[in-house]
Amino acid sequence: MIVVAGEALIDLVPQGTGALAGLQPALGGGPFNTAVALGRLGSPTAFCSRVSYDAFGEALLGRLRESGVDVSAVQRGPEPTTLAVATVDGNGSAVYSFYVEGTADRLFAAPAALPAGTRAVSFGTCSLVLEPGASAYEELLRTAAGQGVFTALDPNIRPGLIPDADAYRARFKSWLPSVNLLKLSEEDAHWLGGTPHEWLSAGPSAVVITHGGAGLSVVTQDHAVYPVPGEPVDVVDTIGAGDTVSAALLHGLSVRDALSPAALAEMGADGWGELLGFAARAAAITCSRSGAEPPYASELGEL
């Protein structure tokens, strides 16, 4: 079982240009997208979050169930669902404005235990910023790491939600001793201000960086760097592409029985090349569709 911990929300995606373009609701949230992608790829997956009882919350849980994701660890509440208003530029890249006050997902409480059979837990995005939930997710991260569970982190920076950038950067560094796999975008890496080598020295076994259409690369504990090119695709938008990469990485590592620091150290150029190439193909399919619609295993072929 791979557990994905974090928010589920509604993306309001513009259906045209300009500030007053019509908005189409779409199911989203970085961790939610990662869980859906993992389920579609065929990995046994559970979602750990707090979701509203409102109609949006019911739709979010419905999508998870349709994707084969176990929702028994999801907490519920009467608070409204978080809304994220996306603005898509000419290259298909999205930026977001968030409506988060008093919403369900930020009231998440750390569970007493992870689902039975948990092999890995994935964290990231808004859930690690918005209190009081952020401290609860942080507690879960440290607890999982202390129990020897494989942990993955995608900070997926949303600057508009971070009131104190320096405090967040310090908090990010404090998570690294509890993280096995760090995945982030080139833009996130620039905003955080560190380097893969600095982050690796703090704890992770590997750092994967996405470079948009140029592909992605990994830096390993022995300071080797393995890049792969991006897959050519007609981009509709990039919503959910990074989340798909996170899912593809975890799925691929699970298939290889490589969800451990020791196994990551033995991947080598061929292993990382195959895994990153698989993630690039999966992300390209997501980019070819409007909103976060990750691919099914049948669309990707062999890993």
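**Cavities, pocket, sheet and cores**

A volume is the space filled by probe spheres set on the points, with grid points joined across faces, edges and corners.

A word on the source: this is a predicted model, where local features need pLDDT of at least 70 and side-chain atom pairs count only at pLDDT 80 or more, while totals for chains, interfaces and linings use all residues. Residues are numbered from 1 along each chain as its sequence is written, and side-chain values use heavy atoms, leaving out hydrogens and water.

The largest cavity has a volume of about 70 Å³. Of the 13 residues lining it, Pro31, Thr34, Ser122, Phe123 and Asp154 are the closest to its centre. The second largest cavity holds about 50 Å³, and its lining includes Ser122, Asp154 and Lys183.

Now the open space. A pocket is an open set of points with protein on both sides within 12 Å along at least five of seven lines. The largest pocket has a volume of about 1,200 Å³. Of its 50 lining residues, Ser185, Glu187, Thr238, Ala241 and Gly242 are the closest to the centre.

On to the sheet. Helices (H or I, at least four residues) and strands (E, at least two) are DSSP runs, numbered from the N terminus, and two strands pair if DSSP finds at least two bridges between them. Nine strands make an open, mixed sheet in the order 6-4-1-10-11-12-13-14-15. Its edges are strand 6 (69-70) and strand 15 (225-228). Strand 4 (residues 45-48) pairs with strand 6 in the parallel sense, over two bridges, and Thr45 stands opposite Val69.

Which residues touch the most other members of the largest nonpolar core? They are Phe47, Leu64, Leu253 and Trp272, out of 53 residues. Such a core joins buried Ala, Val, Leu, Ile, Met, Phe, Trp, Tyr and Cys residues through side-chain atoms within 4.5 Å; buried means under 20% relative accessible area with a 1.4 Å probe, protein chains only. Helix 9 (residues 268-287) gives this core its largest share, ten residues. Apart from it lies another core, of 41 residues, Trp175 among them.

Terms used: Buried < 20%, exposed > 50% of the residue type's maximum accessible area, 1.4 Å probe, protein only. 1 Å grid on protein atoms, 1.4 Å probe; cavity = no way out; pocket = protein on both sides within 12 Å on 5 of 7 lines; lining within 4 Å.
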